[in-house]
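Here are some exercises to work through with the structure open beside you. Try each task yourself, then follow the solution step by step.

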Amino acid sequence: MKKLLFTILFLGGFISHAQSEAYQKQKAEKIAEGSVFTKIINRELPATIAYEDEEVIAFLPLRKQAPVHFLIVPKKEIHTINDVEEEDALVLGKLFLVAKKLAKENGIFETGYRLAMNINEDAGQSVFHLHMHLLGGEKLAPMLPRKEKE
């Protein structure tokens with residue numbers, strides 16, 4: 001029989017799914033080779049940098065998803081929100097302050113913008129270095145289709 005790729009656990013009415021074996025393997029390989037964002041921070045790869053200080057860097061992504069789109073990244077390599085420690089609280093707060101600054105500088109502070117983080121498989125995380133997307137400059141579609149009331 002084929003090995004089950006995920007385990008379903010029923011915990012107090014909640015269903016928990018494990019990451020697929022393929023995703024776990026890909027994630028481990030990417031973490032072992034080092035984050036592309038760390039390579040940008042270390043100037044091993046080029047990027048159009050919009051903001052930088054000792055703790056945070058923000059730059060344009062390779063594939064923009066909105067007229068205004070920045071990736072805001074802590075310089076400390078934290079793989080996912082699930083790996084955040086108490087000591088990371090200040091740098092995480094700083095991500096939001098940098099987002100606010102970039103929103104003002106790019107004329108979307110008043111009209112509106114979206115901040116998003118993708119965490120693990122179901123959210124589509126493909127770079128395992130925590131990062132925040134700042135998106136705006138046009139009316140954005142809903143993040144998820146709206147469900148009808150039951």
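**Exercise 1. Find out how S4 and S5 pair, and over how many bridges.**

Step 1. Strands are DSSP runs of E with at least two residues, helices are runs of H or I with at least four, and both are numbered from the N terminus. Two strands pair if DSSP finds at least two bridges between them.

Step 2. Look at S4 and S5 in this predicted model: four bridges link them, in the antiparallel sense. One to pick out is Phe59, whose bridge partner in S5 is Leu71.

Step 3. Now turn to S3. It pairs with S4 over three bridges, again antiparallel, and a hairpin of three residues joins the two strands. Here Tyr51 has Ala58 in S4 as its bridge partner.

A word on the ground rules: residues are numbered from 1 along each chain as its sequence is written, and side-chain values use heavy atoms, with hydrogens and water left out.

**Exercise 2. Work out the strand order of the open sheet and name its edges.**

Step 1. Five strands make up the sheet, in the order S3-S4-S5-S7-S6, with antiparallel pairing.

Step 2. S5 and S7 are joined by five bridges; in S7, Leu134 is the bridge partner of Phe70.

Step 3. The edge strands are S3 (49–52) and S6 (113–116), each pairing on one side only.

Step 4. From one strand to the next, the twist averages 15 degrees.

**Exercise 3. Is Val56 buried or exposed, and what does it contact?**

Step 1. Val56 sits in strand S4. Its relative accessibility is 0%, so it counts as buried (buried means under 20% relative accessible area, exposed over 50%, partly exposed in between, with a 1.4 Å probe and protein chains only).

Step 2. Check which way the side chains go: Val56 and Ala58 point one way from S4, while Ile57 and Phe59 point the other way, and all are buried.

Step 3. Skip neighbours within four places in sequence and list contacts (heavy atoms within 4.5 Å). Among those of Val56 are Tyr51, Ile72, Val91, Leu95 and Val98.

Step 4. Val56 and Leu95 are 39 residues apart along the chain, yet their C-alpha atoms are separated by 7.1 Å.

**Exercise 4. Which residues touch the most other members of the largest nonpolar core?**

Step 1. A nonpolar core is a set of buried Ala, Val, Leu, Ile, Met, Phe, Trp, Tyr and Cys residues joined through side-chain atoms within 4.5 Å.

Step 2. The largest one has 18 residues, and the answer is Val56, Ile72, Leu95, Val98 and Leu102.

Step 3. Two or more residues come from each of S4 (56–59), S5 (68–74), H3 (89–105) and S7 (132–136). H3 gives the largest share, seven residues.

Step 4. A second, separate core has eight residues, including Ile40 and Leu71.

Key
Predicted model: local features only at pLDDT ≥ 70, side-chain atom pairs only at ≥ 80, totals over all residues. Axes fitted to C-alpha atoms, helices over the stretch in contact; angles between N-to-C directions.
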